[in-house]
Structures are given as structure tokens and as C-alpha cells.
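Student: I have a model open and want to learn how to read its features. Can we go through it together?

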Amino acid sequence: MAEPSWQELLRLRLAERNNNESAFAPVIEQYRRLAQQTKLLKERNATLLRAVGSVKGSPGLSSAGEDNPVRAAYLSSLETQISSLRDELANLYKTQGQNAQRLLSMNETLREKEELSRIDSENLRKARDEIVSLRRKVDQHAELMSEKDRTVQVNFLSINCQAQANSHSPDQILHDEISTSLLELSQVEERNQILAKDNAKLLQRWLDAKQVEANRMNEANEFYENMRTRHENVLSWRENSEGVSSSAPVSPDPTRSGKETASPESQAETRKTGPMPQAVPGVNLTPNG
């Protein structure tokens, strides 16, 4: 049975509201991440500025190796960034697991829907066969009724002729019997027409119900295709990230080779600004970081 118009209108408006509310969800998420990263960068810059101020306040610490406050501050900021990236990766793995679980449940639901669709198709085929047989019976019944009508008319004419030859009292009796027979025949025809209309209404209601179920099945299939595409995208992103991490070059130790091969000018520059920070493999810094 088809859904009422007000329910369909309400469903469409709710779907439109959900689409409007979730339209800017990715942008909001990106801005949130950007604000978080900006906060981390500001904290790191403040730490570095405090470390530089402490170095300027005590020039004797600028030439120290491991006790350089700038290096310690930069390393702490890098460790903070690495921990945040690890947390984000853990969240991504958790989301991937949830998506995989939902994908399994959707596969199970899809199998159940396919089974229900097969059963409905079988019922639809049986119903169509029954409709064909019932229509055939109705046609046969109509032919039988028409044959009976012709027989009644012939009998009526013959009885009328005989009644004209006989007295008036038998004529009246026969006329009443014929009228009764015609009235019963009209009632039977009217009942057949009512049954035919009821059969057509039931068939239309059943077809409407199956159309609604087919629409819901199409929505479930579309949701399943969307989830499978997202799952494939997550897997491809994971493979690409693992490939980038395995192919990243190992940077040399600046504390050893830099002191051995650097020129006097670079050593003087190092004393002023401090040693360059090490490149952490596997970490993708932004242009601000």
C-alpha cells in the first residue's frame, strides 16, 4: 500500500534538512583541525621564543650541545606534534574498524533483503498466475451468462407465444417467473461486477506495496555502494601512507657530520642561530610547521 502524501512530504523535508545540515560538515571539520594545529604552532613558537630569550640572556649556553634550550624546545614541540598525529591515526584506525563492522552488517542486511526480494518475486509470479486464471474464469463465466441470457430470451419468447395461445392466467404466472429469473440474473451480473472491481483494487494495492519495498531496496543498495566506496578509499589511503613512510630517506645526524664537514662560516652561523632541527622520518609537516 502506498504511503500517504503527508508522510512522504515529511520524509522529503527531513531528508532535505539533513542534507542542508551536513553540507558543511567537512569544512567545519577542516577548520577545527586547522585551529587545533594553529594552537599547537602558537604554543611551539612561544616555547621557541622563550628558549631564544633564555639563550640571549645567557650567551654561554649558545655553544652547548645537548643543553641547548632551542633544540630542547623544538624537540618537545615535535614530540607533541608526533603524539597528536598518532592520536589522529588511532582515530582513523578506529573509524576504519567501525566502517568495516558497518560494512559487514550491511552485507548481512543486503543478503536478507535479497532473500526477501526473491520471496516477493516468487509471490508476485504466483499472484500474476492466479490473476490470469481468475480472469480466464471470469471470461468463461461471462460467456456462460451470455449463453444463459440467450437461452432465457428464447424460452421467454416461446413461453410468450404459448401463453398467447393459452388462457391469461398461465400467461401471468409465466411472466412472473420470467421476471423473477431476469431479476436474479441482473443481481448475479451486478455481484460479478463488484467482485471484478474488488479484485482490481486488491491487485493495485499489492503492486503499490511492492513498489514501495523496491524503492527501499534501491536506497539500501545505494547506501551499500557508498559505504563500499568509502572503505576502498580508506584502504587506498592507508596503503599510500604506508608506502610513503617506507620510502622516506634517512637523514644524516647533524650533530656528527655537520660539525666535521661544515665550513667556518656555517659554524659561525650555527653559533648565532643554533643547530638546524633534525628531519623526523614519516612526519608530514605543513608549510607553517
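Student: Which side chains meet in a salt bridge with Arg11?

Tutor: Start with the general idea. Side chains of opposite charge can pair when their charged atoms come close. The term salt bridge is used for a side-chain nitrogen of Lys or Arg within 4 Å of a carboxyl oxygen of Asp or Glu. Here, Arg11 pairs with Glu219, at 3.9 Å from N to O. Glu219 sits in helix 4 (residues 168–247) and Arg11 in helix 1, so this pair ties together parts that are 208 residues apart in sequence.

Student: What kind of model is this?

Tutor: This is a predicted model, where local features need pLDDT of at least 70, side-chain atom pairs count only at pLDDT 80 or more, and totals for chains, interfaces and linings use all residues. Residues are numbered from 1 along each chain as its sequence is written, and side-chain values use heavy atoms, with hydrogens and water left out.

Student: How many salt bridges does the structure hold?

Tutor: The structure holds 14. One of them joins Glu88 and Arg33, whose closest N and O atoms are 3.7 Å apart. Glu88 is in helix 3 (residues 69–165) and Arg33 in helix 2, 55 residues apart, and the pair links distant parts of the chain. Glu88 counts as partly exposed at 33% relative accessibility, and Arg33 does so at 34%. Look around them as well: Glu29, Arg32, Arg33 and Glu88 are linked in a network of salt bridges.

Student: Where do Glu147 and Arg150 lie?

Tutor: Both are in helix 3, 3 residues apart, about one turn of the helix. Glu147 is partly exposed, at 41% relative accessible area. Arg150 is partly exposed at 45%.

Student: Which residues make the nonpolar surface patch?

Tutor: Patches are made of residues with over 30% relative accessible area and no salt bridge; like charges are joined within 9 Å, nonpolar side chains (Val, Leu, Ile, Met, Phe, Trp, Tyr) within 5 Å. Here Phe24, Val27, Ile28, Tyr31 and Leu34 form a patch of about 560 Å². Val27 is in helix 2 (residues 25–57). Val27 counts as partly exposed, at 41% relative accessibility.

Student: How many helices and strands does the protein have?

Tutor: The protein has 6 helices and 0 strands. Helices (H or I, at least four residues) and strands (E, at least two) are DSSP runs, numbered from the N terminus. Of the 289 residues, 10% count as buried.

Student: Where is confidence lowest?

Tutor: Helix 5 (residues 257–261) has the lowest confidence, at a mean of 42, and helix 1 (residues 5–21) the highest, at 86. Over residues 61–66 the pLDDT is below 50, and this stretch has 3 contacts (heavy atoms within 4.5 Å) beyond near neighbours in sequence. Residues 250–289 also stay under 50. Where pLDDT is low, the predicted coordinates should not be read in detail.

Definitions and conventions. Buried < 20%, exposed > 50% of the residue type's maximum accessible area, 1.4 Å probe, protein only. pLDDT = per-residue confidence, 0-100. Areas by Shrake-Rupley, 256 points an atom, 1.4 Å probe, with all protein chains shown as cover.
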